Amino acid sequence: PPPPPPPPARTALCVTGPSALLTLEGSPAWSGLTVSQALGTPSQHAPTFRNLQTMLYPHLGEFDVFAVLSPDDKNCQKLKPANPKHKLYCLGAERYKASPHVENLSVWATLKHAAAKDDVLEQAFALTQCRSMIARASLATGLRYTYAMRVHTNSLFLKPFPSVGSLDYAADDKHRVLTANTEACGGLNADGFAVGKKEAMDLYFERFFYLQTLPQVWNGGGSAPWDVDQLIGGSLRTILNVELQPAPSTVAVCRSAQP
């Protein structure tokens, strides 16, 4: 008999950030958002969790949601997919425990605001927890993921996400991770999103640990880094052979002005 067909591609969706941001409603959820004139402004004022359910979920095919929320997971059930075959896993985020080596890295002097360091570390540490949760679920269920994606709890999709399998993840001899396209947000509030093949995203999720081994993790020029992707992008390129690249304009996702 012919071999059975391969299982359909499946995506692990990682949602991290403050739990309270999932329920922002009305104009506060969109205030301060800079949107390109080509896209216009968001027409709906739904809570941010509803934005994910309507603009992202229907375009992922087979998927499961992994939420690492702070300070607890009380709003996690709002992320539950409508189809029961798509599972939701919830976790209250562990707090990042400072280490002298990480705290004393010279790169922090490049940040415009001291509080940004704590935000960067909390985000990066939460992604490692999400990666571990995905691995445990895969081991328990036997499911394998082709793609992985991360969004923040105040990520806002300005138009429906394209099919996850339609994006280009090839990058010569490197893995490629697609990040938010800043042109969709007028150059602002574009961090907090990434998507790629599972193998590349595993490395992306584990970047936090490279902070503890590299003397300088950001080698960019120009203005100081604002977010996780800018700050740790250098370690991905030089150590892990992963290239970060803005997604095409068909991926229109920003973050609201809220923290």
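Which residues of H5 are buried? In this predicted model, they are Lys198, Ala200, Met201, Asp202, Tyr204 and Phe205. That makes six of the eight residues in the helix, which runs over residues 198–205, so H5 is largely enclosed by the rest of the structure. Notice that the buried set includes Lys198 and Asp202 as well as Met201 and Phe205.

Now let's turn to the cysteines. A disulfide is a covalent bond between the sulfur atoms of two cysteines. Taking sulfur pairs within 2.5 Å, the count here comes to two disulfides.

Start with the one that joins cysteine 14 to cysteine 130, where the S to S distance is 2.2 Å. This pair ties together distant parts of the chain: cysteine 14 sits in strand E1 (residues 10–18), while cysteine 130 belongs to helix H4 (residues 115–141), and the two are 116 residues apart. What about solvent? Cysteine 14 has 0% relative accessibility and so counts as buried. Cysteine 130 is buried too, with a relative accessible area of 0%.

The other disulfide joins cysteine 76 to cysteine 90, with an S to S distance of 2.0 Å. Its link is left-handed, with -85 degrees about the S-S bond. Here cysteine 76 lies in the loop between strand E2 (62–70) and strand E3 (88–92), and cysteine 90 is in strand E3 itself, 14 residues apart. Is each end buried or partly exposed? Cysteine 76 counts as buried because its relative accessibility is 1%, under the 20% cut-off. Cysteine 90, at 27%, is partly exposed.

Strands E2 and E3 come up again when you look at the aromatic rings. There are eight aromatic pairs in the model. One of them is phenylalanine 66 with tyrosine 89, a stacked pair at 4.8 Å centre to centre with 5 degrees between the planes. Phenylalanine 66 is in strand E2 and tyrosine 89 in strand E3, 23 residues apart in the chain. Phenylalanine 66 is buried, with a relative accessible area of 0%, whereas tyrosine 89 is partly exposed at 23%.

Phenylalanine 157 is buried, with a relative accessible area of 1%, and phenylalanine 161 counts as buried at 2% relative accessibility.

Key: Residues are numbered from 1 along each chain as its sequence is written. This is a predicted model: local features need pLDDT of at least 70, side-chain atom pairs count only at pLDDT 80 or more; totals for chains, interfaces and linings use all residues. Side-chain values use heavy atoms; hydrogens and water are left out. Buried means under 20% relative accessible area, exposed over 50%, partly exposed in between (1.4 Å probe, protein chains only). Helices (H or I, at least four residues) and strands (E, at least two) are DSSP runs, numbered from the N terminus. Rings of Phe, Tyr and Trp (its six-membered ring) pair if their centres lie within 6.5 Å; planes under 30 degrees apart count as stacked, over 60 as edge-to-face and the rest as tilted.
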